[in-house]
Every structure is written in structure tokens, then in C-alpha cells.
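Thanks for asking me to look at this one.

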Amino acid sequence: MRILLFLLRKEFRQMFRDRSILALIFLMPTVQLLILPQAANYDVKNINLALVDHDHSSYSRELTRKITSSGYFRLVGASPSYPEALHLIEESQADIVLEIPRGFERNLVREGTQQVAVAVDAINGTRAALGGAYLTRIISDYNSDVRLQWLGPGPARGTSVIDVAAINWYNPLGRYYVFMVPAILVLLLTLVGGFLSALNIVREKELGTIEQLNVSPIKKWQFILGKMIPFWLLGLLVFTIGLLIARGVYGIVPVGSLGTLYLFAAVYLVAILGFGLLISTYSENQLQAMFVAFFFIMIFTLMSGLFTSLDSMPAWARVLANLIPLTHFIEVVRLIILKGSGLAEVSCQLGYEAIFAVVLNTWAILNYRKTT
Amino acid sequence: MDAVTLEHITKTYEKGTVRAVEDVSFAVKPGELFGLIGPDGAGKTSIFRILTTLLLADSGTATVGGHDVRTDYQAIRNTVGYMPGRFSLYQDLTVQENLNFFATLFDTTIAANYALIKDIYEQIEPFRDRRAGKLSGGMKQKLALCCALIHKPTVLFLDEPTTGVDAVSRKEFWAMLGQLRQQGITILVSTPYMDEATLCERIALLQGGKILSIDTPDNIVRAYPHPLFAVKTDAVHSLLHDLRAYTPVLSSYAFGEFVHVAFRQNQPNNDAALRDYLRARQHTGIVVKPIAPTIEDRFIELMTANSTAAHGN
């Protein structure tokens with residue numbers, strides 16, 4: 001026990017002496033939480049629209065006005081012909097072309113039906129899909145407006161319109177950052193637990209100091225605990241800083257209990273520290289450890305449901321995602337912070353994390369050898 | 001009981017293709033200063049790592065302080081001091097912190113064994129609050145020695161402690177080893193420098209993972225089988241060339257400003273005949289003088305004998 005305390009003292013001493021790491025530990029959560037939720041945003045805005053109006057009627061102008069005043073679209077050009085408008089897409093100046101055919105107003109009035117053409121640049125899938133959907137929505141809105149106008153005031157006859165009123169629960173304004181901030185907290189813990197711990201142990205290998213420890217009577221568990229506890233505490237500290245920023249900057253106050261949140265963070269950190277430890281037992285130098293850790297953390301991040309929804313993944317990817325510790329923690333953090341779920345609702349995920357913690361750490365300990 | 005024993009130790013790397021240590025056996029007596037002498041790649045570090053329980057041998061048995069390296073490794077880790085060839089202390093901890101840390105690892109304190117390290121530690125004490133990474137090469141090495149000694153080991157393993165250290169520090173270091181020996185600590189030291197071999201009580205000459213010879217430095221030099229001459233002329237380069245073309249010469253190799261020459265047959269007029277030969281080859285400033293062989297001469301002689309024997313097979 002005395003030896004473990006001494007190992008911890010040494011570890012903290014080294015940590016506080018490395019000013020760049022220390023600064024990073026505090027800067028990382030701040031910068032990530034300040035920048036990412038605001039920049040990485042799924043709300044599609046400023047879609048560049050090229051208009052081809054063959055009709056030049058009051059109806060076509062009314063439609064154009066409706067589209068541009070929605071706030072989502074920016075009119076970048078009015079071209080006389082479709083090929084010219086398409087040219088704007090080729091030059092990446094426009095994202096969407098809307099073609100209003102000749103006789104738009106006449107056909108609409110006389111025959112009650114008219115087609116418009118929408119061409120979308122689909123290189124950026126999300127932008128294309130959402131942009132197209134917004135445009136369709138505005139046109140159909142316009143369509144019903146026109147019909148209501150014709151029908152005149154008074155009780156509606158013959159046409160029935162379903163008006164949908166949706167309410168966003170847990171995130172009433174549908175703000176993207178409310179969804180992102182809790183997930184970024186998880187990413188921070190992963191970086192501290194996975195990266196820093198792996199690099200720290202491999203550094204001892206690189207410097208040869210691990211050999212000195214191996215030739216001493218110090219026990220395996222003492223060494224491993226001596227490495228894990230500092231990063232575990234550091235992880236909880238970073239988590240706390242992150243929560244404070246979420247509260248101060250974004251006004252996100254956890255709805256659920258802080259105790260449950262910290263319990264989950266504590267178990268998750270043990271799992272991810274085991275992962276870092278495992279990487280370090282297989283790596284010879286910091287470069288190797290860095291690359292391996294980066295490889296996995298990249299996959300973890302993109303597959304964990306941080307940015308994209310798990311439910312829309314193919315079945316095999318969902319299985320894979322469930323094998324990632326990050327996935328469950330991100331889900332749970334959102335549940336606890338935004339929805340206020342209690343321990344009972346997240347106990348299944350907690351079980352998952354506990355299994356990860358046991359498996360990863362056992363594997364790492366078995367693979368760490370004092371003798372080669 | 002011997003402090004360290006090795007019996008038929010063999011270690012291979014890369015699935016048996018690289019034979020780092022081949023059938024090595026020797027014993028070190030308690031309190032002895034024993035040297036492993038050999039060039040880079042001779043297997044010195046592998047032997048050290050096997051004895052300090054960092055590496056498992058493929059076959060053979062070894063003991064340190066009576067404990068088997070394979071089964072009783074925990075006891076060995078409690079009692080040996082190991083100073084690896086590369087400086088491997090915490091660069092970001094101070095001199096004092098490093099020393100304190102290693103003392104605690106062995107469940108002891110600096111004060112408990114201060115007498116043992118006093119002479120060495122006094123030299124680095126003025127820098128005790130300096131970080132180890134900022135020390136000079138010689139200072140680092142003294143600190144490493146202190147850290148290896150702080151738990152009063154019964155056997156001290158020093159792997160190439162003087163490689164990359166200046167001549168003055170090397171001399172100081174060997175003086176310190178002499179003092180430690182008087183305190184009864186068994187010391188195993190390896191070095192690629194032949195001149196340091198004479199400072200050991202007994203040495204093992206290693207080459208390609210095999211032991212060429214084990215004896216006291218005096219006996220090893222005495223076993224050199226030929227009269228040896230040092231030869232010098234004004235044209236050093238063509239001298240070597242001409243000596244190799246001269247049939248009575250068995251071996252010739254550059255050694256400082258001289259070329260060391262041994263003859264196939266021990267004739268009394270060997271040197272006179274050589275002088276005549278060199279004069280006939282237009283050499284000027286010819287010096288031929290008999291000299292006493294050194295460890296290095298014996299090493300080269302054993303090495304060539306070994307490789308010709310190997311080729312003969």
C-alpha cells in the first residue's frame with residue numbers, strides 16, 4: 001500500500017511538471033465544448049438556389065419570394081435556361097436549381113395543377129436531402145395557400161387539410177448543441193482515459209524506466225493501479241469541467257441525478273483506461289500507441305452514435321456499435337442529462353460498461369509481463 | 001556458494017534465427033568484480049537481462065544469489081541492482097526524487113543505506129534539486145549507480161556503464177567500482193572497451209554469443225601464444241598491405257599508430273627479416289619492436305582462431 005501511494009505521488013508529480021500536458025488537460029474540454037457544438041451543426045442553412053423562371057408571372061414571383069424569405073435559401077442566380085443553371089451547380093456556386101416552367105400561372109389557374117422541377121447537388125448528402133425537403137415543404141405550403149385563396153373565406157368546403165403540430169420533447173427548440181454537448185463530454189473522457197494512459201505507459205517503455213521497475217519487487221497490480229488511478233481522477237476532473245461549461249455556456253443542467261452520471265462516468269473510465277492499458281501492452285513506442293489508439297478512437301467516435309443515429313445503421317454496424325464502450329455511455333449521458341433517466345433505466349448499459357471494464361482490464365493485465 | 005551461475009544458457013531471437021547467446025556457462029564468486037568483455041552484439045546485454053529476470057532463456061539454468069532466475073525471480077528482484085546500458089531514470093524528476101523513489105520501491109530509505117552510496121552521492125548532492133534529464137552524462141551515470149545501490153543489493157549488474165562517457169568519468173567510475181567491491185558487493189560489469197578489462201578480477205571474453213575464454217586478465221594475456229611485434233613505417237596504408245602479402249606473418253592489424261604483427265614460426269631473426277622485407281618494399285622510417293600483448297591482442301587472436309575453426313568445419 002505504501003508503495004502504491006508512492007507510485008501515485010510520483011505519477012502526479014510528473015503530471016504537474018509537464019506543463020504542456022497540464023494546459024492541454026484544461027484547454028481540451030473548454031475548446032472542444034466551445035467550438036464543436038456550434039460549428040458541427042446539422043441545421044442546414046444558406047442553401048444556394050439558382051432559379052430558372054420561364055414564366056415571370058405574379059404567381060412565380062410569389063413562390064420565389066416565399067422561398068427566399070424562409071431563411072434557408074439564398075438566391076445566387078436567376079438563369080434564363082436550365083443548362084445555364086446547371087452550370088452554376090457544376091461550379092459549386094449553387095446547391096439546388098428550381099425550374100418554373102412557362103405557363104406556370106396559367107396552368108395552375110386553369111387546370112389546377114402544375115409541375116416544377118428541382119435539381120439537387122447531392123455531393124453533400126445531408127445538405128441535399130434536407131435542402132430538397134425544405135424546398136418541397138415550402139412549395140407544398142405555397143400550394144395549399146393558393147388553394148385556400150381560391151376557395152375564399154368562409155367554412156372550408158371539399159378540401160380537408162391535415163395540419164401537423166409537432167412538439168420536441170427533451171429538446172423543445174430542437175437545438176443541435178443540446179444533443180452534441182453531452183456526447184462531447186464522453187469524447188473528452190475517452191481521450192483522457194484512452195490516449196493519455198496508453199501514451200504514459202509506453203513512454204516508460206521508451207525511456208527504459210519500466211525495466212527499472214520490472215527489476216524491482218513492485219507487484220503487477222501496484223504498477224497498474226499506480227497508472228490507472230491518476231488518469232481516472234483526471235478523467236473525472238475533466239468531466240466536471242465539461243459539465244460546468246455545459247451549464248455556464250449552454251445552460252444545459254442535467255435533469256437526472258448527478259450521482260448516476262458520475263457513477264456511470266467512473267465505470268466508463270475504468271473500461272476506457274483498460275483499453276488504453278491494453279494498447280500500451282502491445283506497443284513498443286509512443287508512435288505505435290498513438291496510431292493504434294487513433295485508429296480505434298476514430299472508429300469509436302464515428303460508430304458510437306455521436307454524430308449519426310444508431311437506428312439508421314445496418315444491422316451488422318449496430319452489432320459493432322454495441323461492442324463499443326463509447327456507444328452506451330453517449331446514449332446514457334444524453335438520457336440522464338436531457339431526459340432525466342434514473343439508475344434503473346440505464347442499469348442495462350451500466351452492466352455493459354462493467355463487462356467492458358472487466359474484459360479489457362483482465363486482458364491488459366494478462367498481457368502485461370515483467371519478463372519477456 | 002557462487003553469487004551468480006550460468007549453465008548452458010542459450011537465447012535466440014526471431015524464432016531461433018538469431019543466436020544471441022549460445023551455450024554460455026560461467027560462475028561468479030561472491031564479492032568478485034567480474035567483467036563481460038566483447039564487442040556490440042556479443043550477447044552481453046542478453047545475458048544481463050536473463051540474470052535480472054527480464055528475459056527468459058530458451059534453455060539452460062542460471063542462478064543469482066542461489067535463486068533460480070526462472071522459478072525464484074521474485075527473490076532475485078528483491079536483492080539485485082541493475083543499471084541498464086541506457087540511462088533509464090525519470091528525466092522529469094529531480095536527483096533526490098529519483099533516489100527516493102527507487103528506495104521506496106525496495107521498501108527502504110535513503111538514510112538506511114546512505115553509507116553505501118555516500119562517496120558517490122556526495123558528488124551529485126549539489127545538484128539534488130535538478131531534474132535528472134538536465135544532468136551531464138557523468139552525473140547521470142553516478143545517479144543511476146546510486147539508484148541501483150540504494151537498496152543494498154547483493155549482486156550489482158552494470159550493463160556497459162562507461163559507454164558514451166568521457167575518459168575522466170570512466171576512470172572515476174572504475175575507481176568507484178573498486179570501492180564498492182571492498183564493501184562485499186558482487187559486481188558483474190560488461191564493457192566493449194578492452195582496456196577496462198584489466199580492472200576486473202576475472203573476465204569472460206564474448207564473441208557472437210559464445211565465450212572465447214574465462215580467466216583473470218593476467219592469465220588471459222599470458223595465454224597469448226606468439227611473440228608480438230609493433231611495426232611502424234612512414235606509409236601506414238601500404239604497410240598493412242605489404243605485411244599481409246608477406247608469408248611468414250600470421251596476423252597483422254592496426255593498433256593505434258602501430259601495426260601489431262605475429263609470425264607463423266617463432267624464429268629469432270623474424271624482426272630482422274621483416275625489416276629487410278619492408279626496406280625492399282621502399283618503406284622508410286621503419287620501426288619494429290617486440291611488445292607485450294594486451295587483452296585486445298588475445299581477443300583478436302581467439303576470435304580469428306575461432307572463425308577459422310568454424311570455417312574449417
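1. Let me begin with F275(A), which has 7% relative accessibility and therefore counts as buried, the cut-off being under 20%. F296(A), at 32% relative accessibility, counts as partly exposed. Please keep in mind that this is a predicted model, so these are computed values for a prediction.

2. These two residues also meet through their rings. The ring centres of F275(A) and F296(A) are 5.7 Å apart and the planes stand at 85 degrees, so the pair is edge-to-face. Because F275(A) sits in helix α10 of chain A and F296(A) in helix α11 of chain A, the pair ties together parts that are 21 residues apart in sequence.

3. Three helices of chain A, α10 (258-282), α11 (286-303) and α14 (343-367), each give the lining at least two residues. The largest share, five residues, comes from α11(A).

4. What classes of residue make up that lining? There are 16 nonpolar and two polar residues, with no charged ones.

5. Over all chains, the structure holds 19 aromatic pairs. In another of these, the rings of F239(A) and F329(A) have centres 6.3 Å apart and planes at 35 degrees, so this pair is tilted. It links distant parts of the chain: F239(A) belongs to helix α9 (residues 220-250) of chain A and F329(A) to helix α13 (residues 325-339) of chain A, 90 residues apart. Both F239(A) and F329(A) are buried. Ring pairs also join F239(A) and F329(A) with Y262(A), F264(A) and Y268(A) in a cluster.

6. Now to the strands of chain A. Four of them form an open sheet with the order β2-β1-β3-β4 and mixed pairing. Here β2 (73-78) and β4 (117-120) of chain A are at the edges with a single partner strand each, so one side of each has no neighbour in the sheet. Neighbouring strands of this sheet are turned by 25 degrees against each other on average, direction ignored. Strand β3 (residues 96-100) of chain A pairs with β4(A) in the antiparallel sense over four bridges; for E99(A), the bridge partner in β4(A) is A117(A).

7. Chain B has an open sheet of four strands too, in the order β2-β1-β4-β5 and with antiparallel pairing. Its edge strands are β2 (18-28) and β5 (67-68) of chain B, each pairing on one side only. Seven bridges hold the antiparallel pair of β2(B) and strand β1 (residues 4-13) of chain B, and V18(B) in β2(B) is the bridge partner of Y13(B).

8. Is strand β3 (residues 33-37) of chain B mostly covered or mostly open? Mostly covered: five of its five residues are buried. In a regular strand, side chains alternate between the two faces of the sheet. On one side of β3(B) are L33(B), G35(B) and I37(B), on the other F34(B) and L36(B), and all are buried.

9. Finally, the partners of β3(B). This strand runs parallel to strand β8 (residues 186-191) of chain B, joined by five bridges, with S190(B) in β8(B) as the bridge partner of L36(B). With strand β9 (residues 202-207) of chain B, β3(B) pairs in the parallel sense over four bridges, and G35(B) has I203(B) as its bridge partner in β9(B).

Key: Residues numbered from 1 in each chain as written. Chains lettered and ligands numbered in written order. Predicted model: local features only at pLDDT ≥ 70, side-chain atom pairs only at ≥ 80, totals over all residues. Heavy atoms only, no water. Pairing = 2+ DSSP bridges. Axes fitted to C-alpha atoms, helices over the stretch in contact; angles between N-to-C directions. Nonpolar A, V, L, I, M, F, W, Y, C, P; charged D, E, K, R; others polar. Phe/Tyr/Trp six-rings, centres within 6.5 Å; stacked < 30°, edge-to-face > 60°. Buried < 20%, exposed > 50% of the residue type's maximum accessible area, 1.4 Å probe, protein only.
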